[in-house]
Amino acid sequence: MKNLEFNTIQNNSWIEISPAEFENIANFVYNNIGINLTDQKMTLLMGRLQKILKKYTLSSFSQYYQLLINDKSGAYLSEFANVISTNHTFFYRESDHFEYFKSNTLPELDEKLRINQANDIRIWSAGCSSGEEPYFLVMLMKEYFGNRYSSLDAGILATDISTKVLQIATNGIYGSDRLNVLPEFYKKKYFSKLPDNNFEVTNEIKKEVTYRRFNLMNDTFPFKKQFDVIFCRNVMIYFDTPTRDTLVQKFYNHLAPGGLLFIGHSETLNKRDSNFKYIMPAVYRK
């Protein structure tokens, strides 16, 4: 990484961002992680990045921009994503998706296994945040398949651009507020209560999820086999229409025929240009 000389920030002064500085950072972020920072987000961005500038003793947003563009490791961009993204989630969020997965998707996948005499189920939690979604999907599969699950290749690939949330997900420890709406059955069976009153996902579930840092803006996806199901919920709200449409097409290409895409309820697909078939709110089939 290139070493840069920066002036030390004096005192705890608030650092203003100019329109030109905002435009530079916004363009860089859009081109690299797809987040569309409109002019209305200038004040939000300025406020959220104050601690970052002080952390690196930067005296201007221009210096921060240089830090971003000269970073070949992606660490500073990942840190930016940690700060600017809202990773508010909890177990059983948008519960109708999980009910559909349990009642409709899993029986369909089971029938597909029988017809193809196969044993692999490929599911991708894209933009997995702090891990609640992929962990609960495993719990649902465990309940559906029972003892048969151990004979299946059925783990979950879970990816996010934020190293901060991936670390939380890997640890699998959550405050009780994250489990408030989770049915008590799953809470008792698949979590251990810790002395500090937090809850930890059991190792039985943890070992079934593979966490990786991955940028959905990559030109190509490195997956050799298609997925049966892709969850990408409440991620595309940060993207503009062209970016979203491009990503949706990538998802389509990486889904097996008949595969399902779950998106957030606040998100929609471009019905005119998308090849997906509408199934129910925020659920689409290839």
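Start by selecting residues 19-33: that's helix H1, and Asn31 sits in it. (Helices here are DSSP runs of H or I, at least four residues, strands are runs of E, at least two, and both are numbered from the N terminus.) Asn31 counts as exposed because its relative accessibility is 58%; exposed means over 50%, buried under 20%, and partly exposed in between, with a 1.4 Å probe and protein chains only.

A quick word on what you're looking at: this is a predicted model, where local features need pLDDT of at least 70, side-chain atom pairs count only at pLDDT 80 or more, and totals for chains, interfaces and linings use all residues. Residues are numbered from 1 along each chain as its sequence is written, and side-chain values use heavy atoms, leaving out hydrogens and water.

Now jump from Asn31 to Tyr190: the two are 159 residues apart in sequence and 40 Å apart in space, C-alpha to C-alpha.

Next, pick out S3, S5 and S4. They form an open, antiparallel sheet in the order S3-S5-S4. S3 (173-174) and S4 (191-193) each have a single partner strand, so one side of each has no neighbour in the sheet. Strands count as paired if DSSP finds at least two bridges between them; S4 and S5 (residues 199-201) have three, running antiparallel. Click Lys193 and you'll find Phe199 of S5 opposite.

Last stop: S9 (residues 277-280) and S10 (residues 283-285), antiparallel and joined by three bridges. Tyr278 has Tyr284 in S10 as its bridge partner. Two residues lie between the strands of this hairpin, where Ala282 takes a positive phi near 70 degrees.
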